[in-house]
Amino acid sequence: MNLKDISPNFPRRQVLKTALTFVTGLTTTSLLSFLMTKSTKPAQAIVVQRPNEFELEGKGTYIKYSILNGVPQLDYKTKNISEHFSGDQIQTLATDIGTLLTIIIRRPPNPDLGGNIVKLSLLLPIINLLIGTRETPVQTEAIITTERTSGIIRTPLFGQLQSYQTIVLTGTARYR
């Protein structure tokens, strides 16, 4: 392929001419291969579906998250805790790195006096399942956040108010 083989209206022709003027060590053909569109075939749509159920485990923690009839459901189990969360109890935030789900695991016994609020935040990665594929392995992380609060007294707290513990989770993402 030579420069004369490229249509004068092709938008990358001027780039190629400039590159040939300034670049040494590359042949016209290798530059053409670099600058030409890689495929002339029309793009084909691949239909995918997103999982609506996740079963995850790690460090003695089991989490099942699903969306049933448009309502999010989350089961959280450890050695000492077995809780079910639904609907508005689950905060959902779409981010560039996936969907962040947050639930409150524990509140202070007397919020007026302050104490610790413990939250679980689960990061769900973006997953595409090919139509007909029902599940795929998944690895992600959860963060347990313990936050000190002052309660109604409003005495200022000093120092770091939040601490974190991460949990590596593995399991299965499914479409049901």
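This is a predicted model: local features need pLDDT of at least 70, side-chain atom pairs count only at pLDDT 80 or more; totals for chains, interfaces and linings use all residues.

Residues are numbered from 1 along each chain as its sequence is written, and side-chain values use heavy atoms, with hydrogens and water left out.

**Stop 1: the core**

Start by selecting Phe54, Leu74, Tyr76, Ile103, Leu120 and Leu122. In the largest nonpolar core, which has 23 residues, these touch the most other members. (A nonpolar core here is a set of buried Ala, Val, Leu, Ile, Met, Phe, Trp, Tyr and Cys residues joined through side-chain atoms within 4.5 Å.) Now colour the strands that supply at least two residues each: S2 (53–58), S3 (61–68), S4 (71–77), S7 (98–106), S8 (115–124), S10 (135–149) and S11 (162–174). Strands are DSSP runs of E with at least two residues, helices are runs of H or I with at least four, and both are numbered from the N terminus. Which strand gives the largest share of this core? That is S8, with 4 residues.

Zoom in on Phe54. Leaving aside residues up to four places away in sequence, Phe54 touches Ile63, Lys64, Tyr65, Leu124, Ile127, Val138, Thr172 and Ala173; contact means heavy atoms within 4.5 Å.

**Stop 2: the salt bridges**

The whole structure has 5 salt bridges, each defined as a side-chain nitrogen of Lys or Arg within 4 Å of a carboxyl oxygen of Asp or Glu. Select Glu53, Glu55, Lys64, Glu135, Arg174 and Arg176 together: salt bridges link them in a network.

Take the pairs in turn. Glu53 bridges to Lys64, with the closest N and O atoms 3.9 Å apart; this pair joins strands S2 and S3 across 11 residues. Glu53 is buried at 7% relative accessible area, and Lys64 is partly exposed at 26%. (Buried is under 20% relative accessible area, exposed over 50%, partly exposed in between, with a 1.4 Å probe and protein chains only.)

Next, centre on Arg174, which is buried at 15%. Glu55 reaches Arg174 with the closest N and O atoms 2.8 Å apart. Glu55 sits in S2 and Arg174 in S11, so this bridge ties together parts 119 residues apart in sequence. Glu135 also bridges to Arg174, at 3.1 Å between the closest N and O atoms. That pair links S10 to S11, 39 residues apart, and Glu135 is partly exposed at 44%.

**Stop 3: two loops**

Move to Lys59, in the loop between S2 and S3. Its phi is near 50°, a positive value in a residue other than glycine, and Lys59 is exposed at 64% relative accessibility. Then pick Asn69, in the loop between S3 and S4. Phi of Asn69 is near 50°, again positive in a non-glycine residue, and Asn69 is exposed at 82%.

**Stop 4: a surface patch**

Last, show the surface and select Ile46, Val48 and Leu130. Together they form a nonpolar surface patch with about 290 Å² of accessible area. (Patches take residues with over 30% relative accessible area and no salt bridge, joining like charges within 9 Å and nonpolar side chains, meaning Val, Leu, Ile, Met, Phe, Trp and Tyr, within 5 Å; areas come from the Shrake-Rupley method with a 1.4 Å probe, and for residues only the protein chains shown count as cover.) Ile46 lies in the loop between helix H2 (28–35) and strand S1 (48–49), and is exposed at 64% relative accessibility.
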